[in-house]
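Me: Please show the sequence and the structure. I would like to go through them by question and answer.

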Amino acid sequence: MMDEFASESDSDYTSYWRDWFISSRGNEYFCEIDEDYLTDRFNLTGLNTEVQYYQYALDLITDVFDLDCDDEMRETIEKSARHLYGLIHARYIVTTRGLAKMLDKYKKADFGKCPRVFCHSHPLLPMGQTDIPHQKPVKLYCVRCEDVYNPKSSRHGAIDGAYFGTSFHNIMFQVYPALVPPKSADRYVPRVYGFKVHASAALIRWQNNQRSDMLRRLRKLEIDSGFKEEIGDEDLEEEDEEEEDLDLEAMEPDAMHVLG
């Protein structure tokens, strides 16, 4: 990674470290952390025990690195700086300023678009499956289908998921609820010469019944389901009436028995 700056002096290199890191290929998912956030030690609490050569790495990130060292030591500190930046990044992007920066990238679809056909190229958001570093790589979350995908690029696929954390994508949509699109029940229905494939059709009927039951329960509790109104209230009311009729029919023999 340092080859790109082979012609630059050490002072030139350090003065552009964050710009260089953000603009490097494979780091497009990251946003630039504000200087004020980096220099506030409260924001970095506990990170000194997780990063080798912590102080040197922080000096490199904040452009005050002036240690005269050999190339091997410099590369080790550089690796620590990248790791430290990622850990700080996970904390920064859940702040008001960090969310705003990630929102701009999200609106431009810098993180990619959902590969699912029925999501109609909805923008994705990076997320981690764990907050512990070196465990799992970053994944991409689609709020429309509420599913998770692998990044297309192998460079992005190698990014540590802990650099984004498990809460960021959920916090984003809580702070900006207008970003959450209506849920869609659209799905692909397998067909052979126009006829539904039996096994898939049975599964879809089961899923539709489950969704109808859920919508009915939410409606009784007066909770907005978030789904498009593909199943109308009239249909649900008819189903409720049918269930009530069945309940009454089941009660009639008992009533006759009492009368007898």
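Me: Is Arg216 buried or exposed?
Reply: Arg216 has a relative accessible area of 6%. This is a predicted model, in which local features need pLDDT of at least 70 and side-chain atom pairs count only at pLDDT 80 or more, while totals for chains, interfaces and linings use all residues. Residues are numbered from 1 along each chain as its sequence is written, and side-chain values use heavy atoms, with hydrogens and water left out. Under 20% relative accessible area means buried, over 50% exposed and in between partly exposed (1.4 Å probe, protein chains only), so Arg216 is buried.

Me: Which residue does Arg216 meet in a salt bridge?
Reply: A salt bridge needs a side-chain nitrogen of Lys or Arg within 4 Å of a carboxyl oxygen of Asp or Glu. Here the N to O distance is 2.8 Å. Both residues lie in helix α9 (residues 198-220), three residues apart, about one turn of the helix; helices (H or I, at least four residues) and strands (E, at least two) are DSSP runs, numbered from the N terminus. The partner counts as partly exposed at 28% relative accessibility, and it is Asp213.

Me: How many salt bridges does a search of the whole structure find?
Reply: Side chains of opposite charge can pair when their charged atoms come close. A search of the whole structure finds a total of seven.

Me: Which residue is linked with Arg18 and Asp63 in a network of salt bridges?
Reply: The network has Arg18 and Asp63 as two of its members.

Me: Where is Lys101, the salt-bridge partner of Asp34?
Reply: The side chains of Asp34 and Lys101 come to 2.8 Å, N to O. Asp34 is partly exposed at 23%, while Lys101 counts as buried at 17%. Asp34 is in the loop between α2 and α3, 67 residues from its partner, and Lys101 is in helix α6.

Me: What is phi of Glu146 near?
Reply: Glu146 is found in the loop between β2 and β3 (147-149) and is partly exposed, with a relative accessible area of 48%. Its phi is positive in a residue other than glycine, near 55 degrees.

Me: What accessible area do Val192, Tyr193, Phe195 and Val197 have together?
Reply: Patches are made of residues with over 30% relative accessible area and no salt bridge, with like charges joined within 9 Å and nonpolar side chains (Val, Leu, Ile, Met, Phe, Trp, Tyr) within 5 Å. Areas come from the Shrake-Rupley method with a 1.4 Å probe, and for residues only the protein chains shown count as cover. Val192 is in strand β4 (residues 191-192) and counts as partly exposed at 47%. The four residues form a nonpolar surface patch of about 500 Å².

Me: Which residues form a negative surface patch?
Reply: Lys and Arg count as positive and Asp and Glu as negative, with His and the chain ends not counted; the place of a charge is NZ of Lys, CZ of Arg, CG of Asp or CD of Glu. One member, Glu72, is in helix α5 (residues 71-92) and is exposed at 65%. The negative patch is formed by Asp70, Asp71, Glu72 and Glu75.
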